[in-house]
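Here are my notes on the structure, as numbered points. Please read them with the model open beside you.

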Amino acid sequence: GLEEGAKNQFSTFSNFITTINQKKEGIGNRNSPTQLVIPNIKNGRDLPPLCLDVRQKQRMSIDTLPQELKAPFPPEPSLPTRTKTVKDFQDDMEKSKASGDWKAVHNFYSTTFDSFLEINAAFKKDTNSPFNTIEDSGIDAKFVNVVYDALLNTPQDVQKSVLKGIINGLLQEWTGPRTKDDLRAYCILLQNPQFSNTSTYVIYAHLLRQIAALTEADHHFLVHWSKKISQKRFKQVVDRLLQFISLRLFPAKPEEFPPMVKCTWWIPSAAKVLSLFNAANSLISPPIISYTDFYNSTLDHIDLMEEYHNWQCYGNSHRFSFCQYPFIISIAAKKVIIQRDSEQQMISIARQSLVDKVSRRQKPDMNMLFLNVKVRRTHLVSDSLDELARKKADLKKKLKVTFVGEAGLDMGGLTKEWFLLLIRQIFHPDYGMFTYHKDSQCHWFSSFKCDNYSEFRLVGALMGLAVYNSITLDIRFPPCCYKKLLSPPIVPCDHNTLVGICGVTLDDLFQIMPELAHGLSELLSYEGNVEEDFYSTFQVFQEEFGVIKSYNLKPNGDKIPVTNRNRKEYVQLYVDFLLNRSIYKQFAAFYYGFHSVCASYALLLLRPEEVEILVCGSPELDMSALQRSTQYEGYQKTDLTIRYFWDVVLGFSLDLQKKLLHFATGSDRVPVGGMADLNFKISKSETSTNWLPVAHTCFNQLCLPPYKNKKELKQKLIIGISNAEGFGLE
């Protein structure tokens, strides 16, 4: 929006910026850079901090704050009277474009942005109303949007007048609490499209610094006001903040910005403000934008382990780390952190085993460095359970699997096969551990009571081993499962503490049992007499092995009728019973199994949706992407056999494409980084064309004979991928 010629003129703003710094120094340490990252919550009027230490076992959501804050606020100063409407402004713009005389427009912009009071005078819906509630900011959003949309189409002197006015606003005394008019001005200024231009970043940084330094009470208002911004504008602000962080880390022209040592507070301030928008986004269901829109892929290229170790050592202290704001870190970057953390734990455990062996003067061998699992295909579940129970101390070593009676060496392929077959057996309906719900196409824990829940612990350990060893599993759990798995994300030291219990809603039940959830939703919206028409009590019934059992949702629930007044409580208790209470022992065993392998502070960085992606990968197959990233050995991508191969594969049904992926890689799921992360290779097999294709799943390698025509290739390939179980040595 701003031409190159104007950039030099912005350098004259350095005097204003110097003045800002002098004013801040005069105030004292209250607004020091380190305190911007983690504000002093003692002055937060007893409100929970927005960016809590993520190590806390109990996290508070910002929506738990009271609707109205009772703290005293300074009186709102009287605003000047401004009568210009959207129509008036648009008429002025049309006249200016037609005549070339921009005086009226220039006067409007220079006056409107000259101070926070003028911003409110122009954009406040009613200057006589205080608008002191979180529900209504009092901002005329339509007028703001029209003014900003027109701004980048005005002459440079108009745009510069806006920036000068913003500096004037930032230069105002900012000691003491801020008024609601100040917060409104901040909310409006954040939407200024001029801040997409790097030449405005010094001003933008100081704006972010002031917003980051506000009290938690003020942040609370900004969060709730921000959730009312339109999706388009909301995403623009988020993208602008992410771009600001990226270009500060890797500037295209370093001379445009002050030296990093003089503006270490830039990125912490932007991250703090970004966290306000992330909090606002989480308050809406469905969210305004996807959680992935907060990812900053630039962070994939920094030293993530240094960030992680700084965070581990200093937590949420005055030393900044991106791990304090994990919503910014992409799932690909989090996977790298988890993998390297796992590798370090593996090395540490293996080293300790070696030291113990030597200290006892015993001869060390290579097997002691691995978690060696030997199983029979005919007794897969029982053998796996016994092996993992006997080798609890080795769970954090590198996994190696051997199938008894088979000559295959595990370079990764046997491990994938073991996971696949074990999951297939455990989740079979006849096994009784999990119930498959056809409507939602997912599994859920069986509520049947039993004496031993060790097999649920095995499933949890399997999921943990999969994440720990970077294996993707074909498991279909609902999102609620992963939310429970992170409740809490770190196993509590007190074994009496409940685990796997999280806040659940009717939306969670819809993802598992949509028909039942729909019925409960109908109950909530029923307009007749609930007590007389439904004749229900706070008691529910479940069938267990052919026997109907009753459970009270609350003490004496069988004697408490469900009425119009208490039906919300009934639905909430019923949902909690189905998703928490009735399966507590099963899920607790599953929880402890998972965390027995995957216990890591890196889990604190993850959202439930991200845990699901790490465990299951992505079910979306893009064979064209696989074709683009495939490597060849003995073939060229232009060879006739290769062209036949891709013609056949791209024409396969989804089921056959999954079988091919499973045949070649040991899994039909796509890893976090997409098809390119598979490192898929097609090698030329110097054998007779009568042979079927062969795969080395350890290396994601397909060995393909040079078949003479497409029909023969398709026939042999389908036979091969449809009969692919078991391993041997060539």
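1. Glu135 is partly exposed, with a relative accessible area of 37%. On this scale a residue is buried under 20% relative accessible area, exposed over 50% and partly exposed in between, taken with a 1.4 Å probe on protein chains only. The partner of Glu135 is Lys228, and the two form a salt bridge whose closest N and O atoms are 3.9 Å apart. A salt bridge here is a side-chain nitrogen of Lys or Arg within 4 Å of a carboxyl oxygen of Asp or Glu. Lys228 is also partly exposed, at 48% relative accessible area.

2. A word on the source: this is a predicted model, in which local features need pLDDT of at least 70 and side-chain atom pairs count only at pLDDT 80 or more, while totals for chains, interfaces and linings use all residues. Residues are numbered from 1 along each chain as its sequence is written, and side-chain values use heavy atoms, with hydrogens and water left out.

3. The protein chain has 29 helices and 10 strands. These are DSSP runs numbered from the N terminus, helices being H or I with at least four residues and strands E with at least two. Of the 730 residues of the chain, 51% count as buried. Among contacts between residues at least 6 apart in sequence, 74% join residues at least 24 apart; contact means heavy atoms within 4.5 Å.

4. Side chains of opposite charge can pair when their charged atoms come close. How many salt bridges does a search of the whole structure find? The number is 26. In the pair from point 1, Lys228 sits in the loop between helix H11 (216-226) and helix H12 (231-249), and Glu135 in the loop between helix H6 (116-123) and helix H7 (141-151), so the bridge ties together parts that are 93 residues apart in sequence.

5. A salt bridge of 3.4 Å, N to O, joins the side chains of Glu417 and Arg377. This pair links distant parts of the chain, 40 residues apart: Glu417 is in helix H17 (residues 413-426) and Arg377 in the loop between strand S1 (370-375) and helix H16 (380-390). Is Glu417 buried or exposed? Glu417 is buried, with a relative accessible area of 5%, whereas Arg377 counts as partly exposed at 24% relative accessibility.

6. Asp647 and Lys710 also meet through their side chains in a salt bridge (3.7 Å, N to O). Since Asp647 lies in helix H27 (residues 640-650) and Lys710 in helix H29 (residues 710-722), the pair ties together parts 63 residues apart in sequence. Asp647 counts as partly exposed at 44% relative accessibility, and Lys710 is partly exposed with a relative accessible area of 38%. Elsewhere, salt bridges that share partners join Lys124, Asp181 and Arg184 into one network.

7. Helix H9 (residues 180-189) is mostly covered, with 10 of its 10 residues buried. Among them are Lys180, Asp181, Asp182 and Arg184, as well as Leu183 and Ile188. The cover over the buried residues of H9 includes H6, H7, helix H8 (156-170), H10 and H11.

8. Two packed helices are described by the angle between their axes and the distance between the axes. Helix H10 (residues 201-212) packs with helix H13 (residues 266-283) at an angle of about 60 degrees, the axes being 8 Å apart. That makes H10 oblique to H13. Axes are lines fitted to C-alpha atoms, for helices over the stretch in contact, and angles run from 0 to 180 degrees between N-to-C directions. Angles under 35 degrees count as roughly parallel, over 145 as roughly antiparallel, 65 to 115 as roughly perpendicular and the rest as oblique.

9. Which residues of H10 and H13 meet? Tyr201, Val202, Ala205, Leu208, Arg209, Ile211 and Ala212 in H10 meet Trp266, Ser269, Ala270, Lys272, Val273 and Leu276 in H13.

10. Phe477 is found in the loop between helix H18 (454-468) and helix H19 (479-485). Phe477 is buried, at 3% relative accessible area.
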